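Please read the points below alongside the sequence and the model. They are set out in the order in which a first reading might proceed.

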Amino acid sequence: MPQETAAKPTEAELQALSAALEGKTPQEILRWAAREYQPGLARACSFGGPSGMVLLDMIMSIDKTVEVFYLDTDFLFPETYRLRDVCAAKYDFTPAGYMSLITPLQQVAQYGDALWLRDPDLCCQLRKVEPNRRALDGKRAWISGLRRDQSASRADIQIVEWDSKFDLIKVNPLAAWTESQVWTYILDNGVPYNELHDQNYPSIGCTHCTKPVNPGDDPRSGRWQGFDKVECGLHVPDGQTGYDRLHEDGVGA
Ligand code: SF4
């Protein structure tokens, strides 16, 4: 049954919540989020980024009733589907896949061939943003893998924010973590990760828009090559595009 959606807190309430959670471990933040918002809490997992795998491992030991969903664009790597299946078996849960309302063939019929080469924002809107909106429909809060160390535009993200694009609370348990902490957690805890990371793919999305990068290059330089686009549109307010703000792996990017 759909849950009652969250009322929008005031800015002062959000700041007080974030301040109270600052310095807590990601697990403590996740436990708080589960107490506060479940049922009605969702975790988007792309099976394509290390932060997402850390959060999946944590949430599975805290509250397995939290819905974990992924955006099945129809264009994911075989390695990504394989990781999904490995995780489903390891943690004994069923990831909920949300797909576009149109098939790839229907997309060709309506918008022409290889839309991702001509208008990737529209392609992401059809295959990621709209399904993500459906996945969050009726939810009160969602968990994101955003971190402050990922870019200048993320340096000031709060642990608890209002997501004006999808109209619900966004919780960032890894806000204060670094890339190094993420990988240390993965290796120390035997958390499964996408095997493409070992083949120079630091950031993994759709097959059409993801290339390996050279050592030392910007980890996201392999995404949407040939475009200024840096983001799939999930973490930017309505009215902005994927060219406006950097995005991280954690949410089906
Ligand atoms: S990442 Fe590329 S193929 Fe995937 S939805 Fe966006 S534009 Fe389309």
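**Notes on the model**

1. Lys139 counts as buried, because 22 other C-beta atoms lie within 10 Å. The term is used here as follows: a residue is buried if 20 or more other C-beta atoms lie within 10 Å of its own, exposed if 12 or fewer, and partly exposed in between, with C-beta atoms placed from the backbone. Lys139 is found in the loop between helix 7 and strand 4 (141-143). Its C-alpha atom is 9.1 Å from that of Gln38, although the two residues are 101 apart in sequence.

2. The model is predicted: local features need pLDDT of at least 70, side-chain atom pairs count only at pLDDT 80 or more, and totals for chains, interfaces and linings use all residues. Residues are numbered from 1 along each chain as its sequence is written. The pLDDT is the predictor's confidence in each residue, from 0 to 100. Its mean over the protein chain is 88, and 83% of the residues reach 70 or more. Over residues 241-253, however, the pLDDT is below 50, and this stretch has 71 contacts in the model beyond near neighbours in sequence. Two residues are in contact if their C-beta atoms, placed from the backbone, lie within 7 Å.

3. The protein chain contains eight helices and six strands. Helices (H or I, at least four residues) and strands (E, at least two) are DSSP runs, numbered from the N terminus. From that terminus on, the order of elements is α-α-β-α-β-α-β-α-α-α-β-β-β-α. Of the 253 residues in the protein chain, 41% are buried. Among contacts with a separation of 6 or more, 72% join residues 24 or more positions apart.

4. Which residues of helix 4 are buried? They are Thr80, Leu83, Arg84 and Cys87. Seen down the axis of helix 4, the buried residues fall within an arc of 105 degrees, so they line one face of the helix; the arc is that of the directions from the helix axis to the C-beta atoms. The face turned away from this buried side carries the exposed residues Pro78, Asp85 and Ala89. The buried residues of helix 4 pack against helix 3 (50-62) and strand 2 (67-72).

5. Helix 4 (residues 78-91) has 14 residues, and the distance from its first C-alpha to its last is 20 Å, close to the 20 Å expected at 1.5 Å a residue. The expected span of a helix is 1.5 Å times one less than its number of residues.

6. The buried residues of helix 3 include Pro50, Gly52, Leu55 and Ile59. Among the elements that cover the buried residues of this helix are helix 2 (26-37), strand 1 (41-44), helix 4 and helix 8.

7. Several backbone angles deserve attention. Most residues other than glycine have a negative phi, and most peptide bonds are trans. Phe47, which is not a glycine, has a positive phi of about 55 degrees. A cis peptide bond, with omega about 0 degrees, joins Gln38 and Pro39. Pro39 lies in the loop between helix 2 and strand 1.

8. Phe47, in the loop between strand 1 and helix 3, is buried, with 27 other C-beta atoms within 10 Å.

9. Asn194, in the segment after helix 8 (179-189), counts as buried, because it has 24 C-beta neighbours inside 10 Å. Its C-alpha atom is 6.7 Å from that of Phe47, 147 residues apart along the chain. Besides Phe47, the residues that Asn194 touches include Gly48, Glu79, Thr80 and Leu83, not counting residues up to four places away in sequence.

10. A ligand is also present, with 13 residues around it, of which Pro120, Cys123, Cys124, Cys206 and Cys209 come nearest. A residue is near a molecule or strand if its C-beta atom, placed from the backbone, lies within 6 Å of it. Helix 7 (residues 120-136) provides the largest share of this shell, five residues.
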